[in-house]
Amino acid sequence: MGFTSILALIVIALIVVMIKLIVDGIKAKNWKKVIISTVVFCAVFVMMYFALIRFITAM
């Protein structure tokens, strides 16, 4: 399994977990849970993006 496939699986897993947390937060009317899970997902996604750019430019 290549590096790109592993990254794709990680991103898909993050999206699935985020959607589950958002749906649970909406059902429980817990907006803090919805906002925190969205912010954490965006932060992890941005960190992965910059890490991948740094990895590619270092080659």
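**View 1. Overall build of the protein.** Of the 59 residues in the protein, 10% are buried, where buried means under 20% relative accessible area, exposed means over 50%, and partly exposed lies in between (1.4 Å probe, protein chains only). This is a predicted model, in which local features need pLDDT of at least 70 and side-chain atom pairs count only at pLDDT 80 or more, while totals for chains, interfaces and linings use all residues. Residues are numbered from 1 along each chain as its sequence is written, and side-chain values use heavy atoms, with hydrogens and water left out. The secondary structure comes to 2 helices and 0 strands, taken as DSSP runs numbered from the N terminus (helices H or I, at least four residues; strands E, at least two). The C-alpha trace spans about 45 × 20 × 5 Å along its principal axes, and the radius of gyration is 14 Å, whereas a compact globule of 59 residues would have one near 10 Å; the radius is taken over C-alpha atoms, and the globule rule is 2.2 Å times the number of residues to the power 0.38.

**View 2. Helix 1 and its buried residues.** Helix 1 has 25 residues and reaches 37 Å from its first C-alpha to its last, close to the 36 Å expected at 1.5 Å a residue, the expected span being 1.5 Å times one less than the number of residues. Val11, Met18 and Gly25 are buried in this helix, and the buried residues of helix 1 pack against helix 2. Lys29, which follows helix 1, has a positive phi, near 55°.

**View 3. Surroundings of Ile22.** Ile22 lies in helix 1 (residues 3-27) and, leaving aside residues up to four places away in sequence, touches Val34, Ser37 and Thr38, contact meaning heavy atoms within 4.5 Å. Ile22 and Ser37 are 15 residues apart in sequence, yet their C-alpha atoms are 7.0 Å apart in space.

**View 4. A nonpolar surface patch.** Phe3, Leu52, Phe55, Ile56 and Met59 make a nonpolar surface patch of about 550 Å²; patches are made of residues with over 30% relative accessible area and no salt bridge, with nonpolar side chains (Val, Leu, Ile, Met, Phe, Trp, Tyr) joined within 5 Å and like charges within 9 Å. A salt bridge is a side-chain nitrogen of Lys or Arg within 4 Å of a carboxyl oxygen of Asp or Glu. Helix 2 (residues 31-58) gives the most to the patch, with 3 residues. Leu52 is found in helix 2 and is partly exposed, with a relative accessible area of 31%.

Notes
Accessible areas come from the Shrake-Rupley method with a 1.4 Å probe; for residues, only the protein chains shown count as cover.
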